[in-house]
Amino acid sequence: MDTQERHGAVEVPPARTAKEAGTAAAQSGPEVPRQPLWVEEAATRRRMPDPVRRAAVRAVIITSLTLIQAMVAFLASLTGSWLAFPMVLSSVGSTVVATWSVLDVWVTRQVWNQRNGVVSVPSSSARRLRRERRRARRAARTAERDAARIRRRDAGGRLSRA
């Protein structure tokens, strides 16, 4: 039996007599419904922002290379190879770089949250303060405009006040 027959893609010709039909049904067994290969499920967590994901991928690659390098340095030390000392030194440097890359993920995430992640609700006190400051700035600009308009009206058109 090939793959197509197992999955029911190839039709088997119908049996000719009732006796043959009974033996064919006994051989094939009960019909089992085919299930999809995977089922789409809604994500439980939101996807990471692109800059954070890029930093995380970078950190994973650097960390994995550092672990491989440390393992090679360890094995070279066990064998007494001349390569052991340079590998140990470079492993120490790589550990510093890997630590920096993991911290970079954290910093990038914090920066992204500060720039884009603030959710402002209508009852927020910060929003109320911003609204009040905006009103004060508008009032100041309007007052400046009115004062400039009055000055222009007084100065223009007359040569002297006599």
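Visitor: Where does Ser-91 lie?
Guide: Ser-91 sits in helix 4, which covers residues 84–116; helices here are DSSP runs of H or I with at least four residues, strands are runs of E with at least two, and both are numbered from the N terminus. This is a predicted model, in which local features need pLDDT of at least 70 and side-chain atom pairs count only at pLDDT 80 or more, while totals for chains, interfaces and linings use all residues. Residues are numbered from 1 along each chain as its sequence is written, and side-chain values use heavy atoms, with hydrogens and water left out.

Visitor: Is Ser-91 buried or exposed?
Guide: Ser-91 counts as buried because its relative accessibility is 9%, where buried means under 20% relative accessible area, exposed means over 50%, and partly exposed is in between, using a 1.4 Å probe and protein chains only.

Visitor: And what is Ser-91 in contact with?
Guide: If we leave aside neighbours within four places in sequence, Ser-91 is in contact with Thr-66, Gln-69, Ala-70 and Ala-73, contact meaning heavy atoms within 4.5 Å.

Visitor: What about Asp-104, buried or exposed?
Guide: Asp-104, which also has its place in helix 4, is buried, because its relative accessible area is 18%. Not counting residues up to four places away in sequence, Asp-104 touches Ala-55 and Arg-58.

Visitor: New topic: which residues line the second largest pocket?
Guide: The lining consists of Arg-45, Arg-46, Arg-47, Met-48, Pro-49, Val-52, Arg-109, Trp-112 and Asn-113. On a 1 Å grid over the protein atoms alone, a pocket is an open set of points where a 1.4 Å probe fits, with protein on both sides within 12 Å along at least five of seven lines, and lining residues have an atom within 4 Å of a point.

Visitor: Which helix gives the largest share of that lining?
Guide: Helix 4 does, with three residues. By type, the lining divides into four nonpolar, one polar and four charged residues; Ala, Val, Leu, Ile, Met, Phe, Trp, Tyr, Cys and Pro count as nonpolar, Asp, Glu, Lys and Arg as charged, and the others, Gly among them, as polar.
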